[in-house]
Amino acid sequence: MKSLEKARITICGCDTIDSQIIATHLIQGICNVRSLHLTINEEIFRTSRLPIFHNLIEFKFLGRGFSGREIWLMEFLHRVAPNLETLTLNFSVVAGTQWKALEVPSCLSFHLKEIEISSFNTHMIEMVSYFLDNAMILEKLIISMDALTVTQEKKTRNQLLQLVKSSKKCLKLVVIL
């Protein structure tokens, strides 16, 4: 698996220690990939048990069904993906995540050029603000608001545009769908 460049993995139902160990070994075995599409339905492994993915430049994360997925994601970016350039997220953020208190991953500060957020909900405003405040070389921000009502979409679009305007970043492209 050392020559593998792209991986698309879905892991769910790891309710035993053995299945968690197998899932961890699987992720450890693909640490050379440049592109990873990871779908997990529960927190199946601690990020501290994962190797550094030095080659990982594209990460798509679909986290469903477990609380703390925002924290898990930031730990993954901090510990595992130092050179990440493109981040795609598709999960629901729950209210209450203290984004300002989270340690900023180095990839966010120095390498991340593109962020795409699918299934945006109103609780994600603070997350977008966190990304805009800390992604120093961000060039492209894409946000899809398919899950919102027309009223929510209008209000959220205005909030997002204010965040972008107040950001000191030289974004080349902002797309709000």
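Which residues form one aromatic cluster? Phe 53, Phe 59, Phe 61, Trp 72 and Phe 76 do, and the views below place this cluster within a predicted model.

**View 1. Overall fold of the protein chain.** The protein chain has five helices and seven strands, where helices (H or I, at least four residues) and strands (E, at least two) are DSSP runs numbered from the N terminus. Read along the sequence, these elements follow the pattern β-α-β-β-α-β-α-β-α-β-α-β. Of the 177 residues, 46% are buried, a word that stands for under 20% relative accessible area, with exposed meaning over 50% and partly exposed in between (1.4 Å probe, protein chains only). The chain exposes about 9200 Å², and carbon and sulfur atoms supply 52% of that area, as computed by the Shrake-Rupley method with a 1.4 Å probe, only the protein chains shown counting as cover for residues. Among contacts (heavy atoms within 4.5 Å) between residues at least 6 apart in sequence, 71% join residues at least 24 apart.

**View 2. The tilted pair of Phe 53 and Phe 76.** Eight aromatic pairs are found in a search of the whole structure; rings of Phe, Tyr and Trp (its six-membered ring) pair if their centres lie within 6.5 Å, and planes under 30 degrees apart count as stacked, over 60 as edge-to-face and the rest as tilted. The ring centres of Phe 53 and Phe 76 are 6.3 Å apart and their planes stand at 55°, so this pair is tilted. The two residues are 23 apart and link distant parts of the chain, with Phe 53 in the loop between β2 (35–40) and β3 (58–63) and Phe 76 in helix α2 (residues 69–80). Phe 53 has 0% relative accessibility and is therefore buried, and Phe 76, also at 0%, counts as buried.

**View 3. The stacked pair of Phe 61 and Trp 72.** Phe 61 and Trp 72 form a stacked aromatic pair, 5.3 Å from centre to centre and with 20° between the planes. This pair, too, links distant parts of the chain, since Phe 61 lies in strand β3 and Trp 72 in helix α2, eleven residues apart. Phe 61 is buried at a relative accessible area of 0%, and Trp 72 is buried at 2%.

View 4. Leaving aside neighbours within four places in sequence, Leu 36 is in contact with residues including Ile 9, Phe 53, Phe 59 and Phe 76. In soluble globular proteins, nonpolar side chains tend to be buried together.

**View 5. Strand β4 and its partners.** Four of the five residues of strand β4 (residues 86–90) are buried. Strands β3 and β4 run parallel and are joined by four bridges, pairing being assigned if DSSP finds at least two bridges between two strands. Thr 88 in β4 is the bridge partner of Lys 60. Five bridges pair β4 with strand β5 (residues 114–118) in the parallel sense, and Leu 87 stands opposite Ile 115 in β5.

**Notes on the model.** Residues are numbered from 1 along each chain as its sequence is written, and side-chain values use heavy atoms, leaving out hydrogens and water. In this predicted model, local features need pLDDT of at least 70 and side-chain atom pairs count only at pLDDT 80 or more, whereas totals for chains, interfaces and linings use all residues.
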